[in-house]
Amino acid sequence: MRKITIVGQMISKNYKFLCPLLSCCESNKIRRFLSNENRSGPIKMSYKEFGESHTTSDVPIVIMHGLFGSKMNWNYVSKEIHTALQRKVFTVDARNHGDSPHTPDHSYLLLAQDLKAFLQERNIDKAVLIGHSMGGRAVMYFTLTNPHLVDRLVVCDISPVGTGRGFQEMNDIIQAIRDVNLNELANLKNISQARMRAEKLITEKLKLDRRIANYLVTNLREDGSGGYSWRVNLDAIHKNYDPHITVFPLPENAHYDGQTLFVVGKQGDFVKPEEHDEIRRIFPKVKFLELDAGHWVHADKPQEFIAGVCDFLKSS
C-alpha cells in the first residue's frame with residue numbers, strides 16, 4: 001500500500017480510503033439503493049449543543065461527521081458558527097460512532113431516520129443541515145426524502161455520484177483495526193499506552209503514516225472494567241460498507257429546490273468538475289465553494305470554511 005502523507009492538521013489530501021464513500025464498482029454512476037432491513041429502528045443520537053435555547057429564534061443548525069469521526073471533531077467550527085450567527089448549533093454522533101448506540105445495521109436510510117427522530121424529539125420544524133463525507137451523504141438523503149424539514153443544506157466534500165476509489169484499501173483499514181487484540185491492550189497501564197500500542201500494530205500491518213494511525217486510535221476508549229473497546233462499531237461498518245455506505249441511495253426523480261452549498265476540497269477528487277451537472281440536476285440552487293484543502297475541508301481551512309458557510313447562511 002502506498003505511503004500516505006498529511007496535509008493540514010488532521011488529514012491528508014490523499015487520505016481517500018478513510019472516506020466512507022468509495023465505490024468499488026459502477027464508477028461515474030449513481031447506483032440504485034438496495035435497502036437493508038431496519039431491525040433496530042431509529043436510535044437516540046448523542047449530541048452536543050452550542051447556544052442556549054432562548055438566545056435565538058432562528059432556524060437551528062445540525063452537523064453530522066464522517067466515518068470514524070464524532071461530534072467532537074466539530075467543536076471549534078460549531079462554536080465559531082454559533083458566535084458569528086447567534087444560532088443554536090447541534091453536533092451529533094451517527095449510530096455506530098462516538099457516544100451513540102451501536103446497531104447491526106448501518107445505511108443512509110437509517111441515518112436519515114435517526115436524524116428525523118432527533119428533530120422531532122426537539123420539536124424542530126426546520127433545520128439547516130451540514131454534513132461531511134458519510135454525514136454529507138446522510139444529510140443529502142434526508143433532505144431529498146424530507147425537503148420540508150430542511151431550511152438550507154451544506155455538503156462537505158462528497159458527491160451523490162459514486163466515483164471514489166480505494167474500496168479495498170478501506171476494507172484493509174477496517175480489518176486491521178478489528179485485528180487489534182484488545183485483550184493484549186488490557187495489560188497496559190492507561191489509555192495513552194493502549195493507543196500507542198494499537199497505533200503501532202495498525203502501522204506495522206498496513207505501513208501507514210503514523211499520524212493517520214494516531215487519528216484512527218482516538219476511537220479507542222476505556223471500557224470501565226480495566227480494558228479497552230472501540231467507539232466505532234467495526235463489525236457493523238465492515239458488514240454494511242458495501243453497498244450501504246459506498247453507494248448513495250438516490251431516490252427516483254429526487255431533487256431539492258432549497259438553497260444548497262457544496263464545499264469542495266480542491267486537493268482531492270471527491271467532488272469532480274464533471275459531476276457538477278448531475279449535482280445541479282439534483283440540487284438546482286446549488287453553489288460551489290472550492291477551498292485549497294484536502295478531504296477534511298473544515299480542518300484544513302477552518303477560517304475559510306467558517307466564513308464561507310456563514311456567508312451562505314446569511315445570504316438571501
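I began with a polar contact of 3.0 Å between the side chains of His 106 and Asn 96. For me, a polar contact is a pair of N or O atoms within 3.5 Å, where one must be able to donate a hydrogen and the other to accept it; residues adjacent in sequence count only if both atoms are side-chain atoms.

A note on the source: this is a predicted model, where local features need pLDDT of at least 70 and side-chain atom pairs count only at pLDDT 80 or more, while totals for chains, interfaces and linings use all residues. Residues are numbered from 1 along each chain as its sequence is written, and side-chain values use heavy atoms, with hydrogens and water left out.

Next I placed His 106: it sits in the loop between strand E3 (89–92) and helix H2 (108–121), both being DSSP runs (helices H or I, at least four residues; strands E, at least two), numbered from the N terminus. His 106 has a relative accessible area of 1%, so it is buried (under 20%, with a 1.4 Å probe and protein chains only).

Then I turned to the cores, meaning sets of buried Ala, Val, Leu, Ile, Met, Phe, Trp, Tyr and Cys joined through side-chain atoms within 4.5 Å. The largest nonpolar core has 68 residues, and Val 62, Phe 68, Leu 129, Leu 153, Trp 230 and Phe 283 have the most contacts inside it. Helix H3 (residues 134–145) gives the most to this core, seven residues. Apart from it I found another core, of 23 residues, including Phe 50 and Val 309.

Notes
Buried < 20%, exposed > 50% of the residue type's maximum accessible area, 1.4 Å probe, protein only.
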